[in-house]
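Hi,

Here is the structure I promised to pass on.

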Amino acid sequence: MNVYVLFAHPSRASFTGQALAAFAQGLEEAGHQVQIGDLYQMGFDPVMDPSQYERESGKDLSSPLPQEVAQEQAKLEWADGLAFVFPLWWSDCPAILKGWFEKVYSYGFAHRHEVNLSLGLKKAQVIATAGHPLSHLESTGVLGALKTVLVQSRLAGLGVQDVRLEVLDGMIAPQSNGPKHLIRAHQLGLEY
Ligand SMILES: Cc1cc2nc3c(=O)[nH]c(=O)nc-3n(C[C@H](O)[C@H](O)[C@H](O)COP(=O)(O)O)c2cc1C
């Protein structure tokens with residue numbers, strides 16, 4: 001499969017960056033074609049400008065899409081599957097990735113106002129790294145919120161048939177949890 005992997009972290013040397021490397025290696029070993037979209041490295045601007053707002057709100061549909069949005073949409077058209085690798089920041093994905101959804105899921109591409117369109121993708125794997133243990137994320141409702149907002153609303157709700165979420169948790173204690181999580185990230189790539 002052609003897999004487009006979105007990476008939202010300022011540093012490839014971080015644990016999240018290591019998880020990306022392990023996951024991408026697994027994907028390649030399994031024979032997938034992999035494209036990595038490193039949002040920080042590409043300088044993706046997550047802020048919707050007034051002209052795109054006019055378009056997304058249906059006030060001026062003739063307003064052209066920003067070039068970086070068109071480029072990201074071309075990558076989605078190339079892809080059969082998607083993946084996301086990011087750290088949990090304040091119980092959500094980093095702002096740069098939130099802005100990617102806001103801008104790239106544009107009118108006519110991902111929705112026509114209240115009606116979602118299909119992205120035509122078979123699969124998505126979400127990998128979120130987190131400081132807290134999974135038990136804490138479950139009991140506070142954060143895990144449920146991720147499932148509702150990211151898995152359901154931003155992926156399954158746009159026709160992605162098979163969406164999986166993996167939390168590499170407990171990274172407050174990186175020495176004990178890091179190695180097993182990197183093995184898991186590699187396995188997720190192999191099994192994609
Ligand atoms: C700005 C910021 C906000 C964070 N918010 C959360 C959070 O809400 N929940 C959580 O479990 N961990 C949170 N963390 C911890 C990171 O998710 C954790 O350190 C990460 O999984 C591993 O990050 P690393 O790749 O930067 O080492 C936060 C970290 C930062 C820097």
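A word on terms before the strands: two strands pair if DSSP finds at least two bridges between them, and helices (H or I, at least four residues) and strands (E, at least two) are DSSP runs numbered from the N terminus. Keep in mind that this is a predicted model: local features need pLDDT of at least 70, side-chain atom pairs count only at pLDDT 80 or more, and totals for chains, interfaces and linings use all residues. Residues are numbered from 1 along each chain as its sequence is written.

I'd start with β3. It pairs with β6 in the parallel sense over 7 bridges, and there Pro87 stands opposite Thr129. β1 and β3 also pair in the parallel sense, over 5 bridges, with Leu6 opposite Phe84.

β3 is mostly covered, with 7 of its 7 residues buried (20 or more other C-beta atoms within 10 Å of a residue's own; 12 or fewer is exposed, in between is partly exposed; C-beta atoms are placed from the backbone). Gly81, Ala83, Val85 and Pro87 point one way, while Leu82, Phe84 and Phe86 point the other.

Cheers
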